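Biologist: Please show me the chain and its fold. Then let us go through the aromatic rings.

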Amino acid sequence: MSKKLLSMIMILSAVLQVHSVVAQDLSANIGWSSEYLYRGIPQKTSSAFGGLDFEAAGFGLGVWAADVGDGIEIDYYGGYGYEVGDFSFSIGGTWYTYTGGFDDEYLELNLGAGWSWLSLDIAIGRYDNFDGPTLDYRFYSLTASHKGLYATVGTFMQDFEGSYYEAGYGNTLQVKDKDLFDYSLALIYSDSTLLGGESDINLALTLSKTFSF
């Protein structure tokens with residue numbers, strides 16, 4: 001883990017060195033969710049989160065953390081994205097880590113493609129699985145969105161299985177043309193295979209604020 005963290009720090013340092021010579025954007029975000037679910041899997045009721053993102057010339061790096069009750073989830077990610085007309089493409093990676101023994105590490109290759117209001121995301125991942133055998137998985141999600149409304153279907157394959165279905169609405173609350181904060185409300189149905197027991201339905205309210213520097 002220390003080698004991975006050192007590599008991430010070196011990459012961030014290199015990116016910050018070119019901060020002044022290329023078009024760039026540095027931003028931070030904080031927020032709260034009434035139900036923190038990730039890919040349809042419940043993590044914690046009432047969770048605070050925050051992150052830091054850096055973008056330059058299509059490349060991006062970031063770190064994001066959330067309260068998961070028995071510790072903190074800390075995610076490190078990076079990638080490259082570009083657009084051609086109504087089409088968009090991206091490639092990157094994500095390293096999920098946890099304190100307090102809440103879960104073990106995940107490492108993913110992330111691929112994305114989009115056209116207008118439709119987007120496809122693919123994750124090819126490995127789960128360390130504590131003292132058990134390492135598990136490999138694939139995750140696919142398809143999202144349709146229009147004027148703040150969206151619907152997502154996500155499913156796991158290989159060593160992980162199960163699906164979830166999510167529909168919601170998100171927007172920015174404005175007062176006198178000033179952005180106050182972002183909000184979203186989502187209804188998520190997770191099937192019994194995904195949860196390893198009974199299926200479940202959750203309603204999640206998320207409030208967040210982004211600061212640009």
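Modeller: The structure holds 21 aromatic pairs. Rings of Phe, Tyr and Trp (its six-membered ring) pair if their centres lie within 6.5 Å. This is a predicted model: local features need pLDDT of at least 70, side-chain atom pairs count only at pLDDT 80 or more, and totals for chains, interfaces and linings use all residues. Residues are numbered from 1 along each chain as its sequence is written, and side-chain values use heavy atoms, with hydrogens and water left out.

Biologist: Is the pair of Phe 49 and Trp 64 stacked, edge-to-face or tilted?

Modeller: Planes under 30 degrees apart count as stacked, over 60 as edge-to-face and the rest as tilted. The ring centres of Phe 49 and Trp 64 lie 5.6 Å apart and the planes meet at 35°, so the pair is tilted.

Biologist: Which strands hold Phe 49 and Trp 64?

Modeller: Strands are DSSP runs (E, at least two residues), numbered from the N terminus. The two residues are 15 apart and link distant parts of the chain: Phe 49 is in strand 2, Trp 64 in strand 3.

Biologist: Is Tyr 98 buried or exposed?

Modeller: Buried means under 20% relative accessible area, exposed over 50%, partly exposed in between (1.4 Å probe, protein chains only). Tyr 98 has a relative accessible area of 16%, so Tyr 98 is buried.

Biologist: In what sense do strand 7 and strand 8 pair?

Modeller: Two strands pair if DSSP finds at least two bridges between them. Strand 7 (residues 118–127) and strand 8 (residues 135–146) share 10 bridges, and their pairing is antiparallel.

Terms used
Helix = DSSP H or I, 4+ residues; strand = E, 2+ residues; numbered from the N terminus.
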